[in-house]
Amino acid sequence: MSRLEDRLIAQCERGADVPLPEEDFAELALEVFRYQYERCAPYRALCRLRGASPANVPDWRDIPAVHTDVFKAGSATVFSTVPPAERRLCYRTTGTTRGPAGRGEIRLPDTRLYDASLLSHFAARVLSGDAPLRLLIVGPTAERFPQSSLGHMLTRVRERFGAPGSGVFWSEKGLQTGCLIAALNRAEEEGVPVGILGTTGALRLFLDDAVEHGLRWSLAPGSRLMDTGGDKGAATPLPRALLLRRYEATFDIAPAQVVNEYGMTELASQFYAGPEGVMQPPPWVRTLVLDAETLRPAAPGEPGLLRHYDLANLHTVMAIQTDDVGIRRAGGFELLGRAPGAPPRGCSLAVEALRRSERS
Amino acid sequence: MSASPAPVLPPAYAGEAAPLAVAEYLYAQAGKPHPTPPAAAEMLGDLHARWAAPGSALRAEAVAALHASSGYAPRLLDESLRRFFRRLSAPRLRRVVRRELRPRTGELIRPARLTWVTAAGNVPVASLSALILATLAGAPCLYKPASAEPILPTLYARSLAESAPSLANRLAVIGWRGGDADLESALGRLAETVIAFGSDAALESLRSRIAPGAVWCGFGHRYSIACVTSAGMTAAAARGTARDVCAYDQQGCMSPLLCFCAADSSATAAFGERLALALARLSRRWPRRPLSLGEAAAIRRLRAGVELRAALGRGRQWLSEEPLGWTVALLPEADLRDAGRDRSLVLISVSGEDDLAARLRPGEGRLSTASLACAPEERSRWTQRLLTLGATRLCAPGRMQFPNPLAPHEGRSLCASLIRRISVGR
């Protein structure tokens, strides 16, 4: 355990509502950069290729970023600051470009820093405090999906904040509709508030079932809902406002009590958006919205690629260049989704078709 | 993209501008007096001479409109159009008439009653030869332009209507939203020949709608490659390959997506160096069109993967000075799935023809054009192997995006599909 890690954990534990001044963030970011440059050989090689090193990067915005696709380079190229023997945990991305072998891989020695970031920000944005809440989880868990970072997140949240009666309603076989209905019935009868946490896809399935069978609940005040993953995989994606109305109609949870989570395996920290749709980072994360062509800051109001600088990524790479598109907004950014691939051009599609067929 | 241009209808047509009504009019033209193919060759040849002439106003208008719509470099567009129309001169068209549109002994020929052409993609001229050959053959032609590129067929049809209204009376250029099942089924019952360019899915849907006896010419997903051996790694081959990459920014199915190098790694790296130099020079004359956010992100993805391999000593990269101008990557372990776009060319070292075949296996059956640069004594061997791999066109570097518009397309003669040969016995 390093002193730097202790400092970062302490920073996270101070709480997500405690601002991290720019100069403090810059100092920590440059320190993390040095730490990663010295310990992570593939990252150092990339930095050298770009002519960047801790000696010549004075601004955290210039710290070389690693594209999320690069994490899919395979087990032979692991971006980790710890020696192989200490990489006890492995999380894998779900997106693939080259079949299962092309899944991104993140290796960590432990989850102390990850958990400190997760729990602190979750308490601030989803729970508005750290009082226990009955959590109904409609997504992966660490026990059943040990390589899912979302599974780890939901499990840790349940361990830390779950009140008695909390449960998991998602397995390898999918949504456990009957059990979830029973849990919602019980919470309604007992007048106990709940936190429904899950993937948007799974919650959509449940909403559809509930509507089909005329089911709705009047959950106790204080109930809240967190969804993650977006709705674009659904056969008929719903606009966010409509989805919020459907949550309200089914669970009696007002839009103000619903948050949308944005995270990725490559990042230790998460972002949360309320009904206004602005993704808020925790204080130890900075996000730049960059013009895709120049990688300079996008003009105000213009969409650009998101690049995150997450201090909690100490064990991998702090600066992550994503394919996600967003617009800079006060306090964060509006997430627009994944950058589309090159648009189809007539008959010249063979390679895209090949890649697509491998993904499916 | 601005609003689609107005349809171009047959000059004598007085009905509404609805695709089915126009198609029925065109269908009814069959059997009516019409210029013969030899006469049509002269009229078309005159028109094409005007399009190809130095300082042509027709070409200048098309270049300006295409540049505004697609962003392609004006000098590229101008050269592409000039070459295209020069190769459609009266003498060349006469030769096509003699070879492909003349009845043989004991035969009569008649044009197909209605030819329906559906174009695709945003590379101008890509499917315009189908329209021109239909006009040459006298086959009434309903041409649906690509939604991304309706400009050139529209301008061409207008110029034809002005210069040769008798020919233009068998031609309509009219667009509609693709996938209109009722309309396309009705057209499919009427058309005697259907020539379609597009995605496999679009073609499959269209084909299910045409009459069983109709002639079907579908041109679906294809890709193209460059092949160069150590003996062929000349400065000229590098310049030619750069032209192939920059012409229409690798958007066409005849653009090289990969360059296979049958040479050792140092020779391949030297070729990469030459290619980078050629791309840098050519990009000043033919600047890349603006990229969408998605296109830029795709290049960033490609570059990220290349950069990592280069950093770890498993590849090399050459990058344009301007952001995302062009990319050359040398990736010894790559295959077809690493192909790039928008001026991103991946060089792959192969040990020989067998290695090439293995790398192309993921795209089996979809190879279109291959450029080949090699020593004369290697040519026959490589040609045979590329043909076995399914290549339908071989050419020298620099000519991939400038095919002969009168040559068979993807190995098939369009002329043959535009006429019917009637055996006349006693």
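Ser255(B) lies in the loop that connects helix H11 (235-246) to strand S8 of chain B, helices (H or I, at least four residues) and strands (E, at least two) being DSSP runs numbered from the N terminus. The model is predicted, so local features need pLDDT of at least 70 and side-chain atom pairs pLDDT 80 or more, whereas totals for chains, interfaces and linings use all residues. Side-chain values use heavy atoms, without hydrogens and water; residues are numbered from 1 along each chain as its sequence is written, and chains are lettered from A in the order in which they are written.

Ser255(B) is buried, at a relative accessible area of 1% (buried, under 20%; exposed, over 50%; partly exposed in between; 1.4 Å probe, protein chains only). Beyond its neighbours within four places in sequence, Ser255(B) contacts Ser224(B), Ala247(B), Gln250(B), Met400(B) and Gln401(B) (contact, heavy atoms within 4.5 Å). The side chains of Ser255(B) and Gln401(B) form a polar contact of 2.6 Å (a pair of N or O atoms within 3.5 Å; within protein, one able to donate a hydrogen and the other to accept it, with residues adjacent in sequence counted only if both atoms are side-chain atoms). The C-alpha atoms of Ser255(B) and Arg399(B) are 9.9 Å apart, at a sequence separation of 144 residues.

Helix H15 (residues 376-388) of chain B buries Glu378(B), Trp382(B), Thr383(B) and Leu386(B). The elements covering these residues include strands S7 (223-229) and S8 (256-262). H15(B) is followed by Gly390(B), with a positive phi near 105 degrees.
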